[in-house]
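This report walks through a structure of two chains, taking each chain in turn and then the place where they meet. Please keep the sequence and the 3D view at hand while reading.

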Amino acid sequence: MEENNKATLMVMSGDMDKVFAAFTIAIACAAAGLDTTMFFTFWGIKAIQKGNLTGKGLFGRMIGVMNRGGINVIGPSRFNFLGVGRELFKKMMSDKKVAPLEELRKTAIDLGVHLTACDTSMKVMEIRREDLIDEVEGVLGAAAVVGNAAQSKVQFFI
Amino acid sequence: MDIKVDKVQDSIGQMCPMPIAFLAKNMRTMTAGQVLEIHADDEGAHADIPAWCKQTGNEFLGEEQADGYFKYYVKKTI
């Protein structure tokens, strides 16, 4: 892979709308021939979790319940109304033939987008590697992300 | 448009970014000089397909209106 032919997306947000934007941009980057890496950190990790309950200690388990991961359970940043908004958005999107998030993620993976996760966030929130989907290629630190971003033509922070 | 087409991509009903995702996937299976015809009714495709060609260095041959959708022609040059 030639130098500076990369794209880096740092996905901090775990909201449906922002994750949606992240996968859409990642697909466009990969389609344009850029070697694209998505780095999921903090709330963003929800988008690459399998969706099982997580956590070991009391607080970890509380986060696992109240902030449950999985690409189909994340809600929009506004108008979620305890999940009603999420289902409404899903319905509106499917009525307009917009691909659902899960399909977008699969398309991104098919196009060769690398999915990576933040080591520190996972430790803090007590999320294990096996709680993430199998397609996640690695658990990285900040230096690895910066190294990738430095070789990237475009960087996004979502 | 009088162009010899090697492959047709049906993206009717698909919304951004799926036509571009399929365009990229199809082009990977084709060889230099071959032409892909894309059928799409997504408004965004007007800008997206030429932009994709410009960025990847492939040739945008043009577009043509059909019944309720547009046909786009892309030649693989690299």
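This is a predicted model: local features need pLDDT of at least 70, side-chain atom pairs count only at pLDDT 80 or more; totals for chains, interfaces and linings use all residues.

Two residues are said to be in contact here if their C-beta atoms, placed from the backbone, lie within 7 Å.

## Where the chains meet

By that criterion, the contact between the chains draws twelve residues from chain A and 14 residues from chain B. On the side of chain A that touches chain B, the largest share, four residues, is supplied by helix α1 of chain A, which covers residues 16-31. Sorted by class, the residues on this side of chain A are seven nonpolar, three polar and two charged.

## Chain A

Chain A contains six helices and five strands, and from the N terminus on these elements are arranged as β-α-β-α-α-α-β-α-β-α-β. Along the principal axes, the C-alpha atoms of chain A fill a box of roughly 45 × 40 × 25 Å. A compact globule with 158 residues would have a radius of gyration near 15 Å, and the 15 Å of chain A agrees with this. Buried residues account for 39% of the 158 residues of chain A. When contacts in chain A between residues at least 6 apart in sequence are considered, 73% of them join residues at least 24 apart.

F59(A) and Q155(A) are 96 residues apart in sequence, and their C-alpha atoms are 33 Å apart in space.

## Chain B

Chain B has two helices and four strands, which follow the pattern β-α-β-α-β-β along the sequence. Its radius of gyration is 11 Å, close to the 12 Å that the globule rule gives for 78 residues, so chain B is as compact as a globular protein of that length. The C-alpha trace of chain B spans about 30 × 25 × 20 Å along its principal axes. Of the 78 residues in chain B, 29% are buried, and among contacts in chain B between residues at least 6 apart in sequence, 63% join residues at least 24 apart.

Helix α1 of chain B, residues 18-28, has M18(B), P19(B), I20(B), A21(B), L23(B), A24(B) and M27(B) as its buried residues. What covers these buried residues comes from both chains, and includes α1 and α4 (101-110) of chain A as well as β1 (7-11), β2 (35-40), α2 (45-56) and β4 (70-75) of chain B.

Two packed helices are described by the angle between their axes and the distance between the axes. The table gives these values, with the handedness of each crossing.

| Helix pair | Angle | Axis distance | Crossing |
|---|---|---|---|
| α1(A) and α4(A) | roughly 30° | within 9 Å | left-handed |
| α1(B) and α2(B) | about 30° | 10 Å | right-handed |
| α1(A) and α1(B) | about 30° | 9 Å | left-handed |

Within chain A, the angle makes α1(A) and α4(A) roughly parallel to each other. Their contact is formed by M16(A), V19(A), F20(A), F23(A), T24(A), A26(A), I27(A) and A30(A) of α1(A) together with L101(A), L104(A), R105(A), T107(A) and A108(A) of α4(A). By class, these residues are ten nonpolar, two polar and one charged.

Within chain B, the angle likewise makes α1(B) roughly parallel to α2(B). Here P19(B), I20(B) and L23(B) of α1(B) meet A45(B), D48(B), I49(B) and W52(B) of α2(B), a contact with six nonpolar residues, no polar ones and one charged.

Between the chains, α1(A) and α1(B) are roughly parallel to each other. Which residues make the contact of α1(A) and α1(B)? On α1(A) they are I27(A), A28(A) and A31(A), and on α1(B) they are I20(B), A21(B), L23(B) and A24(B). This contact consists of seven nonpolar residues, with no polar and no charged ones.

Definitions and conventions
Residues are numbered from 1 along each chain as its sequence is written. Chains are lettered from A and ligands numbered from 1 in the order in which they are written. Ala, Val, Leu, Ile, Met, Phe, Trp, Tyr, Cys and Pro count as nonpolar, Asp, Glu, Lys and Arg as charged, and the others, Gly among them, as polar. A residue is buried if 20 or more other C-beta atoms lie within 10 Å of its own, exposed if 12 or fewer, and partly exposed in between; C-beta atoms are placed from the backbone. Axes are lines fitted to C-alpha atoms, for helices over the stretch in contact, and angles run from 0 to 180 degrees between N-to-C directions. Angles under 35 degrees count as roughly parallel, over 145 as roughly antiparallel, 65 to 115 as roughly perpendicular and the rest as oblique. A crossing is left-handed if the near helix is turned anticlockwise from the far one by less than a right angle, and right-handed if clockwise. The radius of gyration is taken over C-alpha atoms; the globule rule is 2.2 Å times the number of residues to the power 0.38.
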